[in-house]
Amino acid sequence: MTAPVYALLADGATVEIRQARPGDAPAIRAMHARMSPGNLYLRFFSDDRDLAADVADVLCRTDPGHGALLALLRDEVVGIASYDVMGDGVAEISFAVPDHMQGRGIGTLLMEHLGSLAVSRGVHTFTADTLAWNHAVSRVLSDTALPLRTRSGGEVVEITMPLAMDDRYFEIIAERERRAIVASLSSLFRPRSVAVVGASESPGSIGDAVLGNASGFGGRLYGVGPGLAGLPEPPDLAVITVAAPEVRQAAENCGRCGAQSLVVTARLDQEAGADLLRICRRYGMRLVGPGSLGIATEGLNATFAATPLLPGVAGVAVQWGGVGIALLEHLARTGIGVSSFAALGDKCDVSGSDMLMWWRSDERTRLAILQLESYGDPRRFVRTARAAARAMPVLTMLAVPSPAPSPAASPAAPEVSQTALFHQAGIVATDTMGELVEAAAFLATRPVPRGRRVAVLSSARGAGALAARACAEGGLEIPPLSEGLRRELKHLLPVDADCGNPVDTTPAVGPATMRECVARVARSGEADAVIAIAVPTALGDPTEGLFGLPASLPLAVVLLGQAGNVTVRRGVPIFGYPESAAGAIAHASRYGAWLARPPGVVPEFAADREAATDIVSHFLERHPAGGRLDPAEAFHLMEAYDVPVTPWRWATTADEAARAARELGGHVAVKAHIAAEAHVAAQAHVGNGDVESMPGAVERGLWGEEEVRAACGRLAVRFGGRTRGMLVQAMAEPGVETRASVAEQPVFGPLVLFGLAGMAADVLGDRAARLTPVTDVDADEMIRSLRGSRLLLGGQGRPAVDTVALAGLLMRLSLLAEDLPEVAELDLDPVVARPDGVEALDVRIRLAPAQRQHPYVRRLR
């Protein structure tokens, strides 16, 4: 780590973690002075305070083989951890935490960050000597989840810790992070005292509206000015409603008085937003906003929304306040209600990931709804959302850029990245707010279907046909009912009923008969969900028969002509249109398929990471702004990750090209690499000699050395001195041409894309995308999800290609993208897939400077 970071302790308090500097020695001595004699003895094997004072200077030295990290709480040093390299990647560690700060997770947090720092500097093993009765140190080292080996030598125990930061280590840190975040949010969503700052400014102000909405709060509620005059105690939650120029001072006042969390309603520019966040970090306050509508939870409505909140089961977090108001109204109208609500605004601190962690811990929340433009750390969000989606449905809308984004807000995510993220995380994503509310109504009240089979029963033939068509369009199945079930239904229904699927019950059906028909279909096991459509007529009204059915039945009821698209009555979702019911079930069915989907694994592939890193670092040394790799460098990078490429050689003369052709079997293609300035290529995002964009730069189907020499002559005539070399490749056997790519997304990080090659696939958008890391299940789904997948999977006399090799190529690209964040773009086009394997014919790679971050540490953004 180079820059300071903030992180949460086990109790939710915020500490700063940074490297020790020479000027920190007095603060470290002050920490040692506060340590008890027993604590000093355990740390230094002596209670000599002069020795502890001398060690402070040693800890603050700058030395390539030394690293030391401090934990600071409101500028007080409350912990230190250090390592000193002993040789061969092994380093000895030590750490200390003063007595009054022990038990809060400081030592464990420091060890996580120290391990990350050491690994980035080539250390692979920690060692430590500790006294046999120093149980506190043993507990901290055990809590790191790193493997421990101990050897006892009397009073001293030698501990060895390989820095094996595997999936188990990652999961333990993630769970530790979740508990700390939940603890930090308790002052927001379970406050005992609330101060509305700005409430006394003027009638009709935002502060006045928030104070009025919060008047029913069962805890202690205060309305104060920005100076906090008259505030009798530090509030758990302060809602700052003053104008933008007054926010900074109001936040500073809240921090000084001991507030634990803030909601800020004013919109701020980027500089003011960053300044606000610094204040919150310094005083350890969590922040919702700026630009927030407010927050709400059981017994507290600290928003300036006009609609009263209905308590319920949905956790809601939005960035757009208007969307939040609409969702609150819809959830109240449908009867679903809200367990907790946060309008995150510019989302400078509290994020969608934080809210998902809170809802997982909240017994009242059974459904999560998000409306976000950006997602912070995408890996953290995917991990958090995936865990939440295993516990409850998580719904969202595909984000669109704000028409007037705040300068303090993060950039919006492109739709292809969002789709990949939501699929991998198990999030139910809709295109519209109406779809979102409809899916929420179904998932909040009914179990998730186990499959895609739907039975439609309707008292109006046309409505049943509309429902069946909508189901088919949504990817659901309308299977024919078995002969036995049809006989049962025929026995119950009027003689002119049609007992296929859809089932036309006729307008004369009554409530008891409709209920029994639905129950028979449910018991048959021939459908995973049921759509029941009731159209009251003078002959009969079956509506009442659709209530009181088992709650275990995935049932959607349609009442044509009802006011509103969806409502909930007696635990049953009621839709106004057949298409709405079908859409809700389609979303729920896809979510059920994700729940049943195996999680997948990321295989351990061999890779020459040292060679790959050398290629990247040497290129960026020559071209600091980035640019396109030369073909030889690009192919070498592929080979470092064992990505199959067509056999090739690099040549700078006709003789070298002829010799390469002989080595490659005689049947080759020659591709000229045309000179271009790397910095121009980087700015224009075009190839540094992109042969496909240079007419006449490729000579294919050449046989023998003479034809190769002649082709080299033609290339020399066409391009003269601009030719920097030639790529000589063996001619590939024909197969299905595909395209595999990696794109570094500013919001989400690396994205792996796959599709068939060619203009038709580009025009149709027949591409699959996944965020890294790509698992074996992800890769297989990418191949099978294409509309043109039949070309790959075989059939009708056509053999299937080697999909295992194709999936392996996609996972290797994912590994490369994870290891090398400098790879801004990578394109393999085409990748020829055959029954006997796959090979990439062309490789284009653009590099850009990038900051590497170790993923295995806890930090607030």
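Me: Which residues do ring pairs link into a cluster?
Reply: Y375, F381 and F422 are the ones joined by ring pairs. Bear in mind that this is a predicted model.

Me: How many aromatic pairs does the structure hold?
Reply: Six. One of them is Y591 with W594, a stacked pair with 6.4 Å centre to centre and 10 degrees between the planes.

Me: Where do Y591 and W594 lie?
Reply: Both are in helix α18, residues 578–596. They sit three residues apart, about one turn of the helix.

Me: Is Y591 buried or exposed? And W594, buried or exposed?
Reply: Y591 is buried, because its relative accessibility is 5% and the cut-off for buried is under 20%. W594 is buried as well, at 6% relative accessible area.

Me: What sits over the ring of W594?
Reply: The charged end of R390, 4.1 Å from the ring centre.

Me: Switching to the sheet. What is the strand order?
Reply: The order is β15-β14-β17-β16-β18-β19-β20. That is an open sheet of seven strands with mixed pairing.

Me: Which strands stand at the edges?
Reply: β15 (300–303) and β20 (428–430). Each has a single partner strand, so one side of each has no neighbour in the sheet. Ignoring direction, neighbouring strands here are turned by 20 degrees against each other on average.

Me: How many bridges join β16 to β18, and do they run parallel or antiparallel?
Reply: Five bridges, and the two strands run parallel. β16 covers residues 311–318 and β18 covers residues 367–371. V316 stands opposite I369 in β18.

Me: Which strands does helix α6 touch where it packs on the sheet?
Reply: Helix α6 (residues 167–189) touches β14 (294–297) and β17 (338–343). The direction of α6 makes about 95 degrees with that of β14.

Me: And helix α10, which strands does that touch?
Reply: Helix α10, residues 321–334, packs on the sheet against β16, β17, β18 and β19 (394–397). The angle between the directions of α10 and β16 is about 165 degrees.

Me: Back to α6. Is E177 buried or exposed?
Reply: E177, which is found in helix α6, counts as buried because its relative accessibility is 8%.

Me: What is E177 in contact with?
Reply: Leaving aside neighbours within four places in sequence, E177 is in contact with M357, R380, R383, R858 and R859.

Technical notes
Residues numbered from 1 in each chain as written. Predicted model: local features only at pLDDT ≥ 70, side-chain atom pairs only at ≥ 80, totals over all residues. Heavy atoms only, no water. Pairing = 2+ DSSP bridges. Helix = DSSP H or I, 4+ residues; strand = E, 2+ residues; numbered from the N terminus. Axes fitted to C-alpha atoms, helices over the stretch in contact; angles between N-to-C directions. Contact = heavy atoms within 4.5 Å. Phe/Tyr/Trp six-rings, centres within 6.5 Å; stacked < 30°, edge-to-face > 60°. Buried < 20%, exposed > 50% of the residue type's maximum accessible area, 1.4 Å probe, protein only. Lys NZ or Arg CZ within 6 Å of the ring centre and 35° of its normal.
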